Amino acid sequence: MSENITEFVTTEAQQIPVVAQTDVVVVGAGPAGLSAAVSAARNGCSVTLLERYHHLGGMASGGMVLVLDDMVNQGSEIVTTGIVSEFVERLERIDGAVYPPPEDCQRNWEMWKKWSRWGCINFHETGMPQPILHAVAFDPDAWKRVSLDLVRDAGVNLRLHSWFSEAIVEDGKVTGVICQTKLGRQAIKADMVIDATGDLDLAASAGASFVLGQYIVTTVFRLSDVDTAKAEAFEYSHPDEYKLLDRQARRVIGGAWGMWWLKTPLPGVVWCNCPHMTGYDGLSPEGMVAAEYEGRERMANLLAFARKNIPGFENAKMLGAAEQMGIRQTRLLRGEYVVTKDDVKSRRHFADSVCRGRDYYTPYRALLPTSLDNLIVAGRHYSVESEAQKLSREIPPCMSQGEAAGIAVSLALSSGSALRDVDVSQIQKQMRAQGADPGDIPSSNALVEESLAS
(Lines give C-alpha, C1' and ligand atoms only; values in the text may rest on other atoms or scores of the structure.)
Protein backbone atom coordinates (compact mmCIF):
# COMPACT_ATOMS: atom_id res chain seq x y z
CA MET A 1 0.00 0.00 0.00
CA SER A 2 1.07 3.62 -0.60
CA GLU A 3 1.55 4.41 3.08
CA ASN A 4 4.12 1.59 3.37
CA ILE A 5 6.48 2.92 0.70
CA THR A 6 10.09 2.91 1.91
CA GLU A 7 12.06 3.36 -1.33
CA PHE A 8 12.31 6.63 -3.24
CA VAL A 9 14.00 8.06 -6.33
CA THR A 10 15.41 11.57 -6.78
CA THR A 11 14.92 13.47 -10.03
CA GLU A 12 16.73 16.52 -11.34
CA ALA A 13 14.92 19.85 -11.59
CA GLN A 14 13.51 20.45 -15.05
CA GLN A 15 12.40 23.44 -17.09
CA ILE A 16 8.62 23.39 -17.47
CA PRO A 17 7.01 25.30 -20.33
CA VAL A 18 4.41 27.93 -19.44
CA VAL A 19 1.49 27.25 -21.77
CA ALA A 20 -0.87 29.92 -20.45
CA GLN A 21 -0.75 33.22 -18.55
CA THR A 22 -4.17 34.06 -17.20
CA ASP A 23 -6.02 36.13 -14.62
CA VAL A 24 -7.56 33.04 -13.06
CA VAL A 25 -6.81 29.35 -13.26
CA VAL A 26 -9.43 26.91 -12.03
CA VAL A 27 -8.34 23.35 -11.33
CA GLY A 28 -11.14 20.81 -11.63
CA ALA A 29 -14.06 21.14 -14.05
CA GLY A 30 -16.70 19.46 -11.95
CA PRO A 31 -19.87 21.37 -11.03
CA ALA A 32 -18.05 23.72 -8.62
CA GLY A 33 -15.07 24.39 -10.88
CA LEU A 34 -17.11 24.88 -14.00
CA SER A 35 -19.38 27.34 -12.18
CA ALA A 36 -16.32 29.18 -10.84
CA ALA A 37 -14.74 29.43 -14.28
CA VAL A 38 -17.92 30.66 -15.97
CA SER A 39 -18.64 33.13 -13.15
CA ALA A 40 -15.13 34.60 -13.22
CA ALA A 41 -15.13 34.87 -17.01
CA ARG A 42 -18.53 36.58 -17.04
CA ASN A 43 -17.12 39.10 -14.58
CA GLY A 44 -14.33 40.13 -16.90
CA CYS A 45 -11.47 37.74 -16.04
CA SER A 46 -9.38 35.74 -18.45
CA VAL A 47 -9.85 32.18 -17.19
CA THR A 48 -8.09 28.88 -17.82
CA LEU A 49 -9.93 25.75 -16.71
CA LEU A 50 -7.94 22.54 -16.14
CA GLU A 51 -9.54 19.10 -16.10
CA ARG A 52 -7.93 15.65 -15.92
CA TYR A 53 -10.73 13.82 -17.77
CA HIS A 54 -11.92 14.14 -21.37
CA HIS A 55 -15.25 15.58 -20.24
CA LEU A 56 -16.66 18.36 -18.09
CA GLY A 57 -19.07 17.94 -15.21
CA GLY A 58 -17.22 15.83 -12.66
CA MET A 59 -19.56 13.90 -10.40
CA ALA A 60 -22.63 15.21 -12.23
CA SER A 61 -21.59 13.60 -15.51
CA GLY A 62 -18.62 11.26 -15.17
CA GLY A 63 -19.72 10.33 -11.67
CA MET A 64 -23.37 9.93 -12.69
CA VAL A 65 -24.88 11.61 -9.63
CA LEU A 66 -28.04 12.17 -11.61
CA VAL A 67 -30.32 14.12 -9.29
CA LEU A 68 -29.82 17.76 -8.31
CA ASP A 69 -31.12 18.25 -4.79
CA ASP A 70 -30.40 20.22 -1.61
CA MET A 71 -31.90 23.33 -3.22
CA VAL A 72 -35.06 23.83 -1.16
CA ASN A 73 -35.35 25.33 2.30
CA GLN A 74 -38.11 24.24 4.66
CA GLY A 75 -41.36 24.21 2.71
CA SER A 76 -41.00 25.12 -0.97
CA GLU A 77 -38.52 28.02 -0.89
CA ILE A 78 -35.93 27.40 -3.63
CA VAL A 79 -32.71 28.90 -2.28
CA THR A 80 -29.89 27.41 -4.37
CA THR A 81 -30.05 29.30 -7.63
CA GLY A 82 -27.87 31.06 -10.18
CA ILE A 83 -25.74 29.07 -12.59
CA VAL A 84 -27.36 25.85 -11.36
CA SER A 85 -30.75 27.26 -12.43
CA GLU A 86 -29.30 28.13 -15.83
CA PHE A 87 -28.02 24.56 -16.11
CA VAL A 88 -31.49 23.19 -15.46
CA GLU A 89 -33.07 25.49 -18.05
CA ARG A 90 -30.52 24.49 -20.69
CA LEU A 91 -30.88 20.79 -19.84
CA GLU A 92 -34.64 21.02 -20.17
CA ARG A 93 -34.37 22.60 -23.62
CA ILE A 94 -32.54 19.51 -24.90
CA ASP A 95 -34.82 17.04 -23.09
CA GLY A 96 -32.11 16.31 -20.54
CA ALA A 97 -33.96 17.18 -17.33
CA VAL A 98 -37.17 16.19 -15.54
CA TYR A 99 -38.55 17.87 -12.40
CA PRO A 100 -41.94 18.47 -10.79
CA PRO A 101 -43.90 21.67 -11.42
CA PRO A 102 -44.58 23.77 -8.31
CA GLU A 103 -48.17 22.57 -8.06
CA ASP A 104 -46.98 18.97 -7.70
CA CYS A 105 -44.74 19.74 -4.74
CA GLN A 106 -47.14 18.34 -2.18
CA ARG A 107 -47.24 15.66 0.48
CA ASN A 108 -49.72 12.98 -0.63
CA TRP A 109 -49.63 9.52 -2.13
CA GLU A 110 -50.72 10.67 -5.58
CA MET A 111 -47.69 12.93 -5.96
CA TRP A 112 -45.44 10.37 -4.28
CA LYS A 113 -46.35 7.76 -6.89
CA LYS A 114 -45.81 10.30 -9.65
CA TRP A 115 -42.46 11.74 -8.57
CA SER A 116 -40.66 9.59 -5.99
CA ARG A 117 -38.96 7.41 -8.62
CA TRP A 118 -37.42 10.56 -10.07
CA GLY A 119 -35.72 11.24 -6.73
CA CYS A 120 -37.74 14.42 -6.14
CA ILE A 121 -38.50 13.77 -2.48
CA ASN A 122 -37.58 15.42 0.79
CA PHE A 123 -35.72 12.49 2.32
CA HIS A 124 -34.97 14.57 5.42
CA GLU A 125 -38.63 14.35 6.43
CA THR A 126 -39.87 11.42 8.48
CA GLY A 127 -43.13 9.62 7.85
CA MET A 128 -44.66 8.46 4.60
CA PRO A 129 -45.28 9.72 2.05
CA GLN A 130 -42.41 12.18 2.15
CA PRO A 131 -43.05 15.57 0.52
CA ILE A 132 -42.29 16.11 -3.14
CA LEU A 133 -39.94 19.04 -3.70
CA HIS A 134 -37.96 20.81 -6.38
CA ALA A 135 -35.20 18.42 -7.45
CA VAL A 136 -34.01 17.63 -10.95
CA ALA A 137 -33.32 14.27 -12.59
CA PHE A 138 -30.96 14.73 -15.54
CA ASP A 139 -29.01 12.89 -18.21
CA PRO A 140 -25.20 12.84 -17.80
CA ASP A 141 -24.39 13.29 -21.47
CA ALA A 142 -26.74 16.27 -21.64
CA TRP A 143 -24.82 17.71 -18.67
CA LYS A 144 -21.55 17.36 -20.59
CA ARG A 145 -23.07 19.13 -23.59
CA VAL A 146 -24.44 22.02 -21.54
CA SER A 147 -21.10 22.34 -19.73
CA LEU A 148 -19.20 22.70 -22.99
CA ASP A 149 -21.70 25.28 -24.24
CA LEU A 150 -21.35 27.38 -21.07
CA VAL A 151 -17.55 27.27 -21.10
CA ARG A 152 -17.37 28.15 -24.78
CA ASP A 153 -19.94 30.95 -24.50
CA ALA A 154 -18.07 32.47 -21.54
CA GLY A 155 -14.76 32.44 -23.42
CA VAL A 156 -12.98 30.16 -20.96
CA ASN A 157 -9.68 28.66 -22.09
CA LEU A 158 -10.40 24.96 -21.60
CA ARG A 159 -7.58 22.45 -21.14
CA LEU A 160 -8.79 18.88 -20.80
CA HIS A 161 -6.52 15.84 -20.36
CA SER A 162 -4.45 17.91 -17.92
CA TRP A 163 -3.84 16.26 -14.56
CA PHE A 164 -2.93 18.65 -11.73
CA SER A 165 0.56 17.97 -10.39
CA GLU A 166 1.63 20.75 -8.03
CA ALA A 167 1.04 24.34 -7.03
CA ILE A 168 3.46 27.14 -7.79
CA VAL A 169 3.96 29.15 -4.60
CA GLU A 170 6.07 32.30 -4.26
CA ASP A 171 6.38 34.16 -0.94
CA GLY A 172 3.15 32.72 0.41
CA LYS A 173 1.21 33.46 -2.76
CA VAL A 174 -0.08 30.83 -5.16
CA THR A 175 0.97 32.06 -8.59
CA GLY A 176 0.03 29.15 -10.79
CA VAL A 177 -0.08 25.41 -11.22
CA ILE A 178 1.79 22.62 -12.91
CA CYS A 179 -0.09 19.83 -14.63
CA GLN A 180 0.87 16.56 -16.30
CA THR A 181 -0.13 15.98 -19.93
CA LYS A 182 0.75 13.62 -22.76
CA LEU A 183 3.32 16.23 -23.79
CA GLY A 184 4.90 16.26 -20.36
CA ARG A 185 4.61 18.74 -17.51
CA GLN A 186 3.13 22.14 -18.33
CA ALA A 187 2.72 25.29 -16.25
CA ILE A 188 -0.10 27.82 -16.12
CA LYS A 189 0.68 31.14 -14.45
CA ALA A 190 -2.19 33.05 -12.87
CA ASP A 191 -2.95 35.99 -10.61
CA MET A 192 -5.69 34.04 -8.80
CA VAL A 193 -6.16 30.30 -8.33
CA ILE A 194 -9.33 28.35 -7.54
CA ASP A 195 -9.08 24.83 -6.13
CA ALA A 196 -12.14 22.90 -7.30
CA THR A 197 -10.49 19.48 -7.25
CA GLY A 198 -12.88 17.98 -4.69
CA ASP A 199 -9.94 16.47 -2.81
CA LEU A 200 -8.12 19.73 -2.04
CA ASP A 201 -5.24 18.60 -4.24
CA LEU A 202 -4.12 22.11 -5.14
CA ALA A 203 -4.39 23.72 -1.72
CA ALA A 204 -2.71 20.77 -0.04
CA SER A 205 0.16 20.98 -2.51
CA ALA A 206 0.49 24.69 -1.75
CA GLY A 207 0.78 23.99 1.97
CA ALA A 208 -2.74 24.80 3.18
CA SER A 209 -3.88 23.27 6.45
CA PHE A 210 -6.34 20.38 6.13
CA VAL A 211 -7.69 17.30 7.85
CA LEU A 212 -8.47 13.89 6.40
CA GLY A 213 -11.97 12.50 6.38
CA GLN A 214 -13.54 9.35 5.00
CA TYR A 215 -17.05 8.34 4.04
CA ILE A 216 -18.74 5.78 1.79
CA VAL A 217 -17.64 5.41 -1.83
CA THR A 218 -19.95 4.34 -4.63
CA THR A 219 -19.55 2.80 -8.06
CA VAL A 220 -22.70 4.24 -9.62
CA PHE A 221 -24.22 2.51 -12.66
CA ARG A 222 -27.20 2.50 -15.01
CA LEU A 223 -29.40 -0.27 -16.36
CA SER A 224 -31.21 -0.18 -19.70
CA ASP A 225 -34.29 -1.99 -21.08
CA VAL A 226 -36.17 -1.67 -17.81
CA ASP A 227 -39.98 -1.50 -18.02
CA THR A 228 -40.33 1.18 -15.35
CA ALA A 229 -44.12 1.39 -15.70
CA LYS A 230 -44.41 -2.33 -14.99
CA ALA A 231 -42.00 -2.07 -12.04
CA GLU A 232 -43.93 0.82 -10.51
CA ALA A 233 -47.28 -0.89 -11.07
CA PHE A 234 -46.01 -3.96 -9.23
CA GLU A 235 -44.61 -1.83 -6.41
CA TYR A 236 -47.98 -0.21 -5.71
CA SER A 237 -50.30 -3.15 -6.47
CA HIS A 238 -48.28 -5.67 -4.42
CA PRO A 239 -46.61 -3.49 -1.75
CA ASP A 240 -45.76 -6.27 0.73
CA GLU A 241 -44.25 -8.52 -1.93
CA TYR A 242 -42.33 -5.60 -3.42
CA LYS A 243 -40.94 -4.51 -0.04
CA LEU A 244 -39.63 -8.02 0.56
CA LEU A 245 -37.92 -8.14 -2.84
CA ASP A 246 -36.60 -4.62 -2.39
CA ARG A 247 -34.99 -5.53 0.94
CA GLN A 248 -33.42 -8.58 -0.66
CA ALA A 249 -32.10 -6.47 -3.55
CA ARG A 250 -30.48 -4.01 -1.15
CA ARG A 251 -28.84 -6.87 0.71
CA VAL A 252 -27.51 -8.20 -2.59
CA ILE A 253 -26.04 -4.83 -3.57
CA GLY A 254 -24.64 -4.54 -0.04
CA GLY A 255 -25.37 -0.86 0.55
CA ALA A 256 -27.84 1.61 -0.96
CA TRP A 257 -30.18 4.48 -0.18
CA GLY A 258 -33.83 3.70 0.41
CA MET A 259 -34.48 3.75 -3.34
CA TRP A 260 -31.74 1.85 -5.12
CA TRP A 261 -33.15 2.64 -8.57
CA LEU A 262 -34.55 5.85 -10.01
CA LYS A 263 -35.90 6.85 -13.40
CA THR A 264 -33.90 9.03 -15.78
CA PRO A 265 -34.88 11.25 -18.76
CA LEU A 266 -34.00 8.33 -21.06
CA PRO A 267 -36.94 5.87 -21.38
CA GLY A 268 -36.13 2.44 -20.00
CA VAL A 269 -32.88 3.62 -18.40
CA VAL A 270 -32.67 3.60 -14.60
CA TRP A 271 -30.02 5.06 -12.32
CA CYS A 272 -28.59 2.96 -9.49
CA ASN A 273 -26.76 5.13 -6.95
CA CYS A 274 -25.10 2.10 -5.37
CA PRO A 275 -23.33 0.05 -4.15
CA HIS A 276 -22.15 2.06 -1.14
CA MET A 277 -18.89 0.69 0.24
CA THR A 278 -17.01 1.62 3.40
CA GLY A 279 -13.34 1.43 4.35
CA TYR A 280 -11.86 2.72 1.09
CA ASP A 281 -9.49 5.68 0.96
CA GLY A 282 -10.43 7.97 -1.91
CA LEU A 283 -6.83 9.22 -2.16
CA SER A 284 -5.27 5.76 -2.45
CA PRO A 285 -4.84 4.20 -5.91
CA GLU A 286 -4.81 0.76 -4.32
CA GLY A 287 -7.98 1.51 -2.40
CA MET A 288 -9.83 2.78 -5.43
CA VAL A 289 -8.80 -0.23 -7.51
CA ALA A 290 -10.08 -2.55 -4.80
CA ALA A 291 -13.36 -0.61 -4.70
CA GLU A 292 -13.71 -0.99 -8.48
CA TYR A 293 -13.37 -4.77 -8.20
CA GLU A 294 -15.85 -4.99 -5.36
CA GLY A 295 -18.30 -2.57 -6.93
CA ARG A 296 -18.39 -4.40 -10.26
CA GLU A 297 -19.05 -7.70 -8.54
CA ARG A 298 -21.92 -6.23 -6.54
CA MET A 299 -23.44 -4.64 -9.67
CA ALA A 300 -23.45 -7.98 -11.48
CA ASN A 301 -25.06 -9.71 -8.50
CA LEU A 302 -27.82 -7.12 -8.30
CA LEU A 303 -28.53 -7.28 -12.03
CA ALA A 304 -28.87 -11.05 -11.88
CA PHE A 305 -31.22 -10.82 -8.88
CA ALA A 306 -33.37 -8.09 -10.42
CA ARG A 307 -33.75 -9.89 -13.75
CA LYS A 308 -34.84 -13.05 -12.00
CA ASN A 309 -37.14 -11.62 -9.35
CA ILE A 310 -38.43 -8.08 -9.96
CA PRO A 311 -41.20 -7.46 -12.52
CA GLY A 312 -40.09 -4.90 -15.07
CA PHE A 313 -36.43 -5.87 -14.81
CA GLU A 314 -36.68 -9.17 -16.75
CA ASN A 315 -34.79 -7.78 -19.76
CA ALA A 316 -32.56 -5.33 -17.93
CA LYS A 317 -29.02 -4.92 -19.22
CA MET A 318 -25.93 -3.29 -17.77
CA LEU A 319 -25.65 0.06 -19.57
CA GLY A 320 -22.43 0.89 -17.77
CA ALA A 321 -20.77 2.12 -14.62
CA ALA A 322 -19.79 5.74 -14.06
CA GLU A 323 -16.44 6.85 -15.46
CA GLN A 324 -15.56 8.38 -12.08
CA MET A 325 -15.91 6.69 -8.73
CA GLY A 326 -18.19 8.40 -6.24
CA ILE A 327 -15.74 9.69 -3.63
CA ARG A 328 -17.59 11.73 -1.01
CA GLN A 329 -14.88 12.87 1.38
CA THR A 330 -11.08 12.99 1.56
CA ARG A 331 -9.14 16.16 2.48
CA LEU A 332 -11.07 19.01 4.08
CA LEU A 333 -9.63 22.52 4.26
CA ARG A 334 -8.96 24.11 7.63
CA GLY A 335 -9.66 27.66 6.62
CA GLU A 336 -10.51 30.99 8.18
CA TYR A 337 -13.72 29.45 9.52
CA VAL A 338 -14.61 25.78 9.95
CA VAL A 339 -18.31 25.06 9.43
CA THR A 340 -19.60 22.75 12.16
CA LYS A 341 -22.32 20.16 12.26
CA ASP A 342 -24.23 22.43 14.62
CA ASP A 343 -23.97 25.26 12.08
CA VAL A 344 -25.63 23.08 9.46
CA LYS A 345 -28.20 21.42 11.70
CA SER A 346 -29.23 24.67 13.41
CA ARG A 347 -29.45 26.60 10.11
CA ARG A 348 -26.94 29.12 11.46
CA HIS A 349 -26.83 32.27 9.37
CA PHE A 350 -23.56 34.15 8.82
CA ALA A 351 -23.18 37.83 7.98
CA ASP A 352 -20.59 36.84 5.36
CA SER A 353 -22.69 34.12 3.78
CA VAL A 354 -22.03 33.98 0.03
CA CYS A 355 -23.91 30.82 -0.92
CA ARG A 356 -26.37 28.38 0.53
CA GLY A 357 -27.76 24.91 0.26
CA ARG A 358 -31.04 23.40 1.45
CA ASP A 359 -31.37 25.15 4.84
CA TYR A 360 -27.75 25.97 5.63
CA TYR A 361 -25.45 28.89 4.86
CA THR A 362 -21.77 28.97 3.88
CA PRO A 363 -19.61 31.87 5.07
CA TYR A 364 -17.02 33.34 2.74
CA ARG A 365 -14.34 32.59 5.35
CA ALA A 366 -14.90 28.83 4.85
CA LEU A 367 -13.59 29.13 1.29
CA LEU A 368 -10.28 30.74 2.28
CA PRO A 369 -7.08 29.09 3.57
CA THR A 370 -5.44 30.75 6.55
CA SER A 371 -1.85 31.07 5.41
CA LEU A 372 -1.89 31.49 1.64
CA ASP A 373 -2.84 34.35 -0.68
CA ASN A 374 -4.40 34.29 -4.16
CA LEU A 375 -6.14 30.97 -3.43
CA ILE A 376 -9.80 30.14 -2.82
CA VAL A 377 -11.57 26.79 -2.78
CA ALA A 378 -14.98 25.70 -4.05
CA GLY A 379 -16.58 22.30 -3.62
CA ARG A 380 -16.96 19.47 -1.14
CA HIS A 381 -13.46 20.04 0.25
CA TYR A 382 -14.26 23.46 1.72
CA SER A 383 -13.49 24.28 5.37
CA VAL A 384 -15.96 22.10 7.25
CA GLU A 385 -16.08 19.40 9.90
CA SER A 386 -16.32 15.86 8.61
CA GLU A 387 -19.81 15.27 10.00
CA ALA A 388 -20.99 18.64 8.70
CA GLN A 389 -19.60 17.93 5.23
CA LYS A 390 -21.74 14.81 4.97
CA LEU A 391 -24.76 17.12 5.25
CA SER A 392 -23.55 19.88 2.94
CA ARG A 393 -21.72 18.42 -0.05
CA GLU A 394 -24.41 18.08 -2.73
CA ILE A 395 -23.87 19.32 -6.28
CA PRO A 396 -26.08 22.47 -6.33
CA PRO A 397 -24.55 24.11 -3.23
CA CYS A 398 -21.08 23.26 -4.55
CA MET A 399 -22.02 25.05 -7.78
CA SER A 400 -23.13 28.03 -5.74
CA GLN A 401 -19.76 28.02 -3.94
CA GLY A 402 -18.04 28.04 -7.32
CA GLU A 403 -20.15 30.93 -8.56
CA ALA A 404 -19.27 32.94 -5.45
CA ALA A 405 -15.57 32.10 -5.78
CA GLY A 406 -15.58 33.30 -9.39
CA ILE A 407 -17.04 36.62 -8.31
CA ALA A 408 -14.58 36.90 -5.41
CA VAL A 409 -11.49 36.54 -7.62
CA SER A 410 -12.85 39.08 -10.08
CA LEU A 411 -13.40 41.60 -7.28
CA ALA A 412 -9.94 40.97 -5.85
CA LEU A 413 -8.33 41.53 -9.23
CA SER A 414 -10.31 44.67 -10.04
CA SER A 415 -9.62 46.23 -6.62
CA GLY A 416 -6.05 45.00 -6.29
CA SER A 417 -6.86 43.51 -2.89
CA ALA A 418 -6.20 40.15 -1.27
CA LEU A 419 -9.02 37.65 -1.38
CA ARG A 420 -9.52 37.83 2.39
CA ASP A 421 -9.97 41.61 2.08
CA VAL A 422 -12.66 41.52 -0.60
CA ASP A 423 -15.86 43.31 0.40
CA VAL A 424 -18.25 40.43 1.03
CA SER A 425 -21.27 42.66 0.46
CA GLN A 426 -20.07 43.13 -3.12
CA ILE A 427 -19.91 39.36 -3.61
CA GLN A 428 -23.44 39.10 -2.26
CA LYS A 429 -24.64 41.94 -4.48
CA GLN A 430 -23.16 40.38 -7.62
CA MET A 431 -24.51 36.94 -6.75
CA ARG A 432 -28.00 38.44 -6.65
CA ALA A 433 -27.34 40.25 -9.94
CA GLN A 434 -26.53 36.86 -11.45
CA GLY A 435 -29.77 35.35 -10.16
CA ALA A 436 -28.14 33.50 -7.26
CA ASP A 437 -29.10 33.59 -3.58
CA PRO A 438 -25.95 34.28 -1.54
CA GLY A 439 -27.74 33.81 1.76
CA ASP A 440 -27.30 37.43 2.82
CA ILE A 441 -31.00 37.55 3.70
CA PRO A 442 -31.76 34.76 6.17
CA SER A 443 -34.88 32.65 5.75
CA SER A 444 -37.46 32.75 8.50
CA ASN A 445 -36.20 29.48 10.01
CA ALA A 446 -32.54 30.57 10.22
CA LEU A 447 -30.60 30.96 13.45
CA VAL A 448 -29.20 34.43 12.89
CA GLU A 449 -26.19 35.91 14.64
CA GLU A 450 -28.29 38.59 16.29
CA SER A 451 -30.40 35.85 17.92
CA LEU A 452 -27.25 34.15 19.16
CA ALA A 453 -26.04 37.37 20.76
CA SER A 454 -29.35 37.97 22.49
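**Exercise 1.** Is arginine 348 buried or exposed?

*Solution.* Start with the ground rules: this is a predicted model, where local features need pLDDT of at least 70, side-chain atom pairs count only at pLDDT 80 or more, and totals for chains, interfaces and linings use all residues. Residues are numbered from 1 along each chain as its sequence is written, and side-chain values use heavy atoms, with hydrogens and water left out.

Next, get the cut-offs: buried is under 20% relative accessible area, exposed is over 50%, and partly exposed is in between (1.4 Å probe, protein chains only). Arginine 348 has 14% relative accessibility, so it counts as buried.

Now look at its partner. Arginine 348 makes a salt bridge with aspartate 342, with 2.3 Å between the closest N and O atoms. A salt bridge here is a side-chain nitrogen of Lys or Arg within 4 Å of a carboxyl oxygen of Asp or Glu. Aspartate 342 comes out at 44%, so it is partly exposed.

**Exercise 2.** Work out where the two ends of the bridge between arginine 107 and glutamate 125 sit.

*Solution.* First, the contact: the closest N and O atoms of arginine 107 and glutamate 125 are 3.5 Å apart. The pair links distant parts of the chain, 18 residues apart: arginine 107 is in the loop between strand S4 (97–98) and helix H3 (109–115), while glutamate 125 is in the loop between H3 and strand S5 (136–138). Helices (H or I, at least four residues) and strands (E, at least two) are DSSP runs, numbered from the N terminus.

**Exercise 3.** Find which residues line the second largest cavity, and sort them by class.

*Solution.* On a 1 Å grid over the protein atoms alone, a cavity is a set of points where a 1.4 Å probe fits but cannot get out; lining residues have an atom within 4 Å of a point. The lining is Thr219, Val220, Glu292, Ala321, Ala322, Gln324 and Met325. By class, that gives 4 nonpolar, 2 polar and 1 charged.

Notes. On a 1 Å grid over the protein atoms alone, a cavity is a set of points where a 1.4 Å probe fits but cannot get out, and a pocket is an open set with protein on both sides within 12 Å along at least five of seven lines; lining residues have an atom within 4 Å of a point. Ala, Val, Leu, Ile, Met, Phe, Trp, Tyr, Cys and Pro count as nonpolar, Asp, Glu, Lys and Arg as charged, and the others, Gly among them, as polar.
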